[in-house]
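Please look over the model before reading on.

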Amino acid sequence: MAEKNQNQYQPPESNGYHRNDQESLHTMEDEEAKRKKRMKWTIGIIAFIIFQVVQALFFVLVIMKFKSPNFRVSEFNVQTFNIGTQASPSFDMSFVAPIRVKNTNWGPFKYDASTISFTYGGVQVGQTIIPKNKANFKSTKKIDVNVTLSSANLPTNINSNLGSELSSGVITLTSQGELKGKITVMFMFKKKKTSQMNCTMAINTTTKTVQSLLCK
(Lines give C-alpha, C1' and ligand atoms only; values in the text may rest on other atoms or scores of the structure.)
Protein backbone atom coordinates (compact mmCIF):
# COMPACT_ATOMS: atom_id res chain seq x y z
CA MET A 1 0.00 0.00 0.00
CA ALA A 2 2.86 2.32 0.85
CA GLU A 3 4.56 1.47 -2.42
CA LYS A 4 1.39 2.38 -4.34
CA ASN A 5 1.25 5.80 -2.70
CA GLN A 6 4.86 6.43 -3.55
CA ASN A 7 4.17 5.77 -7.24
CA GLN A 8 1.40 8.40 -7.44
CA TYR A 9 2.08 11.44 -9.74
CA GLN A 10 3.85 14.34 -8.02
CA PRO A 11 3.48 17.84 -9.71
CA PRO A 12 6.79 19.45 -10.64
CA GLU A 13 7.98 22.15 -8.33
CA SER A 14 7.65 25.72 -9.68
CA ASN A 15 10.99 27.23 -10.78
CA GLY A 16 9.76 30.90 -10.79
CA TYR A 17 10.16 31.46 -14.57
CA HIS A 18 6.47 32.21 -15.17
CA ARG A 19 6.40 34.83 -12.43
CA ASN A 20 9.52 36.53 -13.81
CA ASP A 21 7.96 36.72 -17.29
CA GLN A 22 4.91 38.48 -15.90
CA GLU A 23 7.05 40.92 -13.96
CA SER A 24 9.08 41.69 -17.09
CA LEU A 25 5.90 42.27 -19.09
CA HIS A 26 4.57 44.68 -16.47
CA THR A 27 7.90 46.51 -16.41
CA MET A 28 7.88 46.95 -20.20
CA GLU A 29 4.31 48.23 -20.11
CA ASP A 30 5.25 50.74 -17.41
CA GLU A 31 8.25 51.93 -19.41
CA GLU A 32 6.10 52.33 -22.53
CA ALA A 33 3.50 54.33 -20.58
CA LYS A 34 6.22 56.58 -19.17
CA ARG A 35 7.72 57.06 -22.65
CA LYS A 36 4.32 58.08 -24.08
CA LYS A 37 3.78 60.45 -21.18
CA ARG A 38 7.20 62.07 -21.72
CA MET A 39 6.43 62.40 -25.43
CA LYS A 40 3.12 64.13 -24.68
CA TRP A 41 4.87 66.54 -22.33
CA THR A 42 7.59 67.23 -24.91
CA ILE A 43 5.02 67.88 -27.67
CA GLY A 44 3.05 70.15 -25.35
CA ILE A 45 6.14 72.17 -24.38
CA ILE A 46 7.24 72.53 -28.03
CA ALA A 47 3.73 73.63 -29.05
CA PHE A 48 3.68 76.18 -26.21
CA ILE A 49 7.08 77.58 -27.25
CA ILE A 50 5.98 77.85 -30.89
CA PHE A 51 2.79 79.62 -29.82
CA GLN A 52 4.78 82.10 -27.74
CA VAL A 53 7.19 82.77 -30.62
CA VAL A 54 4.30 83.36 -33.04
CA GLN A 55 2.68 85.71 -30.54
CA ALA A 56 5.93 87.63 -30.10
CA LEU A 57 6.45 87.94 -33.87
CA PHE A 58 2.86 89.10 -34.37
CA PHE A 59 3.29 91.69 -31.63
CA VAL A 60 6.58 93.02 -33.04
CA LEU A 61 5.79 92.85 -36.77
CA VAL A 62 2.10 93.83 -36.71
CA ILE A 63 0.95 95.50 -33.52
CA MET A 64 4.16 97.46 -32.93
CA LYS A 65 4.46 98.57 -36.56
CA PHE A 66 3.44 102.23 -36.37
CA LYS A 67 2.13 103.82 -39.57
CA SER A 68 1.18 107.40 -40.36
CA PRO A 69 -2.63 107.61 -40.64
CA ASN A 70 -4.11 108.47 -44.02
CA PHE A 71 -5.21 112.13 -44.14
CA ARG A 72 -7.36 113.24 -47.08
CA VAL A 73 -10.46 115.02 -48.30
CA SER A 74 -13.31 113.07 -49.88
CA GLU A 75 -15.65 114.07 -52.70
CA PHE A 76 -18.23 116.76 -52.01
CA ASN A 77 -20.89 118.94 -53.63
CA VAL A 78 -20.43 122.70 -53.91
CA GLN A 79 -23.24 124.51 -52.11
CA THR A 80 -22.76 127.99 -53.58
CA PHE A 81 -20.73 128.63 -56.72
CA ASN A 82 -20.35 131.99 -58.43
CA ILE A 83 -18.02 132.24 -61.42
CA GLY A 84 -16.97 135.00 -63.78
CA THR A 85 -16.33 134.85 -67.51
CA GLN A 86 -13.24 134.10 -69.56
CA ALA A 87 -12.76 137.85 -70.07
CA SER A 88 -13.23 138.57 -66.34
CA PRO A 89 -12.37 135.30 -64.59
CA SER A 90 -13.21 134.77 -60.93
CA PHE A 91 -14.88 132.31 -58.59
CA ASP A 92 -16.41 132.22 -55.14
CA MET A 93 -17.60 128.96 -53.66
CA SER A 94 -18.55 127.36 -50.38
CA PHE A 95 -18.97 123.73 -49.43
CA VAL A 96 -18.72 121.24 -46.58
CA ALA A 97 -15.44 119.35 -46.93
CA PRO A 98 -15.54 115.73 -45.69
CA ILE A 99 -12.12 115.21 -44.11
CA ARG A 100 -11.09 111.65 -43.32
CA VAL A 101 -8.34 110.42 -40.97
CA LYS A 102 -7.91 106.67 -41.48
CA ASN A 103 -5.95 105.04 -38.66
CA THR A 104 -4.79 101.48 -39.42
CA ASN A 105 -2.73 101.16 -36.24
CA TRP A 106 -3.55 99.02 -33.19
CA GLY A 107 -3.79 102.10 -30.99
CA PRO A 108 -5.60 105.48 -31.12
CA PHE A 109 -4.04 108.43 -32.97
CA LYS A 110 -4.40 111.66 -30.97
CA TYR A 111 -3.69 114.67 -33.16
CA ASP A 112 -3.36 118.39 -32.59
CA ALA A 113 -5.39 121.13 -34.27
CA SER A 114 -4.31 121.76 -37.84
CA THR A 115 -5.03 123.88 -40.91
CA ILE A 116 -5.87 122.76 -44.45
CA SER A 117 -5.03 125.20 -47.24
CA PHE A 118 -6.84 125.25 -50.58
CA THR A 119 -4.85 126.65 -53.49
CA TYR A 120 -5.35 127.49 -57.14
CA GLY A 121 -2.25 127.66 -59.32
CA GLY A 122 -0.10 127.52 -56.18
CA VAL A 123 -1.85 130.55 -54.61
CA GLN A 124 -3.97 130.11 -51.49
CA VAL A 125 -7.66 130.82 -52.09
CA GLY A 126 -8.98 129.65 -48.71
CA GLN A 127 -8.36 127.54 -45.66
CA THR A 128 -10.13 125.65 -42.90
CA ILE A 129 -9.22 124.48 -39.41
CA ILE A 130 -9.23 120.87 -38.20
CA PRO A 131 -9.90 120.79 -34.44
CA LYS A 132 -7.89 118.68 -32.01
CA ASN A 133 -9.29 115.16 -31.71
CA LYS A 134 -8.40 111.50 -32.10
CA ALA A 135 -8.93 108.61 -34.51
CA ASN A 136 -9.54 105.31 -32.72
CA PHE A 137 -7.54 102.20 -33.57
CA LYS A 138 -8.46 100.46 -36.82
CA SER A 139 -11.05 103.11 -37.66
CA THR A 140 -11.63 106.25 -39.72
CA LYS A 141 -12.33 109.60 -38.09
CA LYS A 142 -14.87 111.61 -40.09
CA ILE A 143 -14.70 115.40 -39.87
CA ASP A 144 -16.98 117.76 -41.80
CA VAL A 145 -15.72 121.35 -42.02
CA ASN A 146 -17.11 124.44 -43.74
CA VAL A 147 -14.91 125.87 -46.49
CA THR A 148 -15.17 129.18 -48.36
CA LEU A 149 -12.91 129.85 -51.34
CA SER A 150 -12.35 133.02 -53.37
CA SER A 151 -10.11 133.95 -56.29
CA ALA A 152 -10.02 137.63 -55.31
CA ASN A 153 -6.30 137.58 -54.46
CA LEU A 154 -5.09 135.72 -57.55
CA PRO A 155 -2.36 137.53 -59.55
CA THR A 156 -2.96 138.49 -63.19
CA ASN A 157 -0.96 135.63 -64.72
CA ILE A 158 -2.94 133.06 -62.72
CA ASN A 159 -6.21 134.76 -63.65
CA SER A 160 -5.49 134.23 -67.34
CA ASN A 161 -5.22 130.48 -66.74
CA LEU A 162 -8.43 130.61 -64.67
CA GLY A 163 -10.23 132.13 -67.67
CA SER A 164 -9.19 129.16 -69.81
CA GLU A 165 -10.42 126.69 -67.18
CA LEU A 166 -13.73 128.52 -66.78
CA SER A 167 -14.33 128.22 -70.51
CA SER A 168 -13.61 124.47 -70.30
CA GLY A 169 -16.05 124.10 -67.41
CA VAL A 170 -13.55 122.59 -64.92
CA ILE A 171 -11.52 124.30 -62.16
CA THR A 172 -8.52 122.53 -60.66
CA LEU A 173 -7.86 123.04 -56.94
CA THR A 174 -5.36 121.60 -54.48
CA SER A 175 -5.77 120.92 -50.76
CA GLN A 176 -2.71 120.59 -48.52
CA GLY A 177 -2.34 120.02 -44.80
CA GLU A 178 -0.33 118.37 -42.07
CA LEU A 179 -1.65 116.45 -39.08
CA LYS A 180 0.74 115.89 -36.17
CA GLY A 181 -0.08 113.50 -33.36
CA LYS A 182 0.83 110.49 -31.28
CA ILE A 183 -0.13 106.81 -31.55
CA THR A 184 -0.48 104.87 -28.29
CA VAL A 185 -0.52 101.06 -28.21
CA MET A 186 -1.51 99.17 -25.03
CA PHE A 187 -1.42 102.44 -23.02
CA MET A 188 2.40 102.33 -22.83
CA PHE A 189 4.01 102.24 -26.28
CA LYS A 190 3.90 105.68 -27.90
CA LYS A 191 5.12 106.98 -31.24
CA LYS A 192 4.86 110.44 -32.79
CA LYS A 193 3.56 110.46 -36.35
CA THR A 194 2.80 113.10 -38.97
CA SER A 195 0.23 112.67 -41.74
CA GLN A 196 0.36 114.72 -44.92
CA MET A 197 -2.54 115.74 -47.15
CA ASN A 198 -1.89 116.54 -50.80
CA CYS A 199 -5.06 116.25 -52.89
CA THR A 200 -5.83 117.58 -56.35
CA MET A 201 -9.47 117.96 -57.35
CA ALA A 202 -11.23 118.96 -60.53
CA ILE A 203 -14.55 120.75 -59.90
CA ASN A 204 -17.17 120.84 -62.63
CA THR A 205 -18.61 124.36 -62.82
CA THR A 206 -21.86 123.12 -64.39
CA THR A 207 -22.76 120.25 -62.07
CA LYS A 208 -21.01 121.83 -59.03
CA THR A 209 -19.49 118.48 -58.12
CA VAL A 210 -16.01 117.04 -57.82
CA GLN A 211 -15.34 115.51 -61.22
CA SER A 212 -12.09 113.84 -60.17
CA LEU A 213 -10.07 113.58 -56.97
CA LEU A 214 -6.49 112.35 -56.49
CA CYS A 215 -4.71 112.23 -53.13
CA LYS A 216 -1.05 111.28 -52.78
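**Pocket**

The largest pocket has a volume of about 180 Å³. The model is predicted.

Lys110, Tyr111, Asp112, Lys132, Asn133, Lys180, Gly181, Lys182 and Lys192 line the largest pocket. Which strands each supply at least two residues of the lining? They are β4 (109–111) and β9 (170–185). Of the elements, β9 gives the most, with three residues.

**Disulfide**

How many disulfides does a search of the whole structure find? The search finds one. Cysteine 199 and cysteine 215 form the disulfide, and their sulfur atoms lie 2.0 Å apart. The pair links distant parts of the chain, as the two cysteines are 16 residues apart. The torsion about the S-S bond is about 110°, so the disulfide is right-handed.

| Cysteine | Strand | Relative accessible area |
|---|---|---|
| Cysteine 199 | β10 (residues 189–204) | 0% |
| Cysteine 215 | β11 (residues 209–215) | 21% |

Is cysteine 199 buried or exposed? Cysteine 199 counts as buried, because its relative accessibility is 0%, and the cut-off for buried is under 20%. Cysteine 215, at 21%, is partly exposed.

Conventions. Residues numbered from 1 in each chain as written. Predicted model: local features only at pLDDT ≥ 70, side-chain atom pairs only at ≥ 80, totals over all residues. Heavy atoms only, no water. 1 Å grid on protein atoms, 1.4 Å probe; cavity = no way out; pocket = protein on both sides within 12 Å on 5 of 7 lines; lining within 4 Å. Points joined across faces, edges and corners; volume = space filled by probe spheres on them. Helix = DSSP H or I, 4+ residues; strand = E, 2+ residues; numbered from the N terminus. Disulfide = S-S within 2.5 Å. Buried < 20%, exposed > 50% of the residue type's maximum accessible area, 1.4 Å probe, protein only.
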